[in-house]
Amino acid sequence: MAPALLQQPLLDGIDLVALAAAEGTPLHVYSAPAIRERLRGLQRALEGLDALICYAVKANSNQAVLALMAAEGAGADIVSAGELWRSLRAGIPADRIVFSGVGKSAEEIVQGLDAGVARFNVESRAELELLQAIAAQRGTTARAAVRINPDVDALTHAKISTGKAENKFGVSIAEARTWFEGQAAWPDVRLDGLHMHIGSQLLDMAPIRQALQRLAAFWRELEAAGHRLASIDVGGGLGVRYREGEQPLDPVDYVAQIRAALQGFQGRIVLEPGRYLVAEAGVLLTRVLRVKQGEQRNFLVLDAAMNDLLRPSLYDAWHDILRLGDNGGREAVAYDVVGPVCETGDTFAVGRPLPRCEAGDLVAIGATGAYGASMASTYNSRPLAAEVLVDGGRYAVVRRRQTYDEMIAGEQPAGDWRTP
Ligand code: LLP
């Protein structure tokens, strides 16, 4: 979300203070116009190409967000049968869904095949063999792309870097070459696509360019050897602005790299952005439970915690934090901003200067639309937060706050003892 929106507590005409009062906190809020703007901007940049944006569902898998993507003509990049189910349910057609992931189970492959997904992005020879066996058994042909690992350093956080040879993702170009050469061994798999994804939160064009060049060189080599490709999937990874000084890549510049690398390609180009489309469209509203003066530090204890937003705990990720309301005359205080969960890692920020806060104040954590709610848990038996979508000066609750009953749904006391 643009920082200006956070400073005046209005999001697309909705007063965030009133919204928090009405719906309670912690509350994930998403702006539909902001999501559409990002998506349309990227679509515009792609004009003239046979290109499809397959939104990476993992970034924010809320039904309302997926429905919005469907309405705008986007497809989905999924990594589980659960995401397949969510996407279909939200109205994304199967022929716009690509199935990625290093550990697809046989059951998930069956579900993908039966649904008729556009393409499996295959990540290992064992998976290719499994896909062949399942397609043969079901008397169908599976459409597949090989995910190549271009071995470039995406210059991002190690935990979200995926395109180096040491990472578990994809296969080397040398290995992929043998797949195309040995196609007779998988008669029920139409292997006519390439896929890559080098990492997430990319703010630097150099590794993207390098990876695209390796991908394109391989495509040209395959074409020269008589393998006609129907699709090239360049993955996702476009970064966003989490903190001052960070600058997302311009979609036109990004697409210009794709155009240059894949010039002359006759098939379809697939993109799998997640974060870029939704991160800055979201904000997490949370209330100050108390201000605690520790022996060495000032703690601002919020009612949101690592179970609502894991990124700071997991990746030491920075998210802007703002006190909403009138900050006039309040001096800045450096707070360790923490949640109520019982571990020290439940920390959103360390020594963050904020206007002096009091219990009951409303705080907004910025750019939480991606990998916020989708990575949430009920750790410490904290029910999942509510989510709302804002559009046209109105809001809709798109996930109601979880009840305790819902939180323990499926659990039961041991009573029905069995042997396997
Ligand atoms: N395609 C594939 C195959 C992926 O693995 C991913 C993300 C994407 C597309 C979308 O990447 P994006 O455009 O959102 O960067 N939880 C981490 C991010 C993990 C990303 C995993 N893969 C975070 O909060 O930063």
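Helices α11 (275-278) and α12 (311-315) each supply at least two residues to the lining of the largest pocket. Helices here are DSSP runs of H or I with at least four residues, strands are E runs of at least two, and both are numbered from the N terminus. A pocket is an open set of points on a 1 Å grid over the protein atoms alone, where a 1.4 Å probe fits, with protein on both sides within 12 Å along at least five of seven lines; lining residues have an atom within 4 Å of a point.

Please note that this is a predicted model, in which local features need pLDDT of at least 70 and side-chain atom pairs count only at pLDDT 80 or more, while totals for chains, interfaces and linings use all residues. Residues are numbered from 1 along each chain as its sequence is written, and side-chain values use heavy atoms, without hydrogens and water.

Where does the largest pocket lie? Domain 1 (3-29 + 279-407) and domain 2 (101-271) both give residues to its lining, so the pocket lies between them; these bounds come from an automatic or database domain assignment. Of its 29 lining residues, Lys58, Thr162, Phe169, His197 and Tyr371 lie nearest the centre.

I turn now to the second largest pocket. Its lining comprises 17 residues, with Ser61, Asn62, Arg86, Glu387 and Arg399 nearest the centre. Helix α5 gives the most to this lining, namely three residues.

Helix α5 (81-89) is also among the elements that cover the buried residues of α6. In α6 (residues 106-115), Glu108, Ile109, Val110, Gly112 and Leu113 are buried, meaning under 20% relative accessible area with a 1.4 Å probe, protein chains only.

Note on methods. Buried means under 20% relative accessible area, exposed over 50%, partly exposed in between (1.4 Å probe, protein chains only). Contact means heavy atoms within 4.5 Å.
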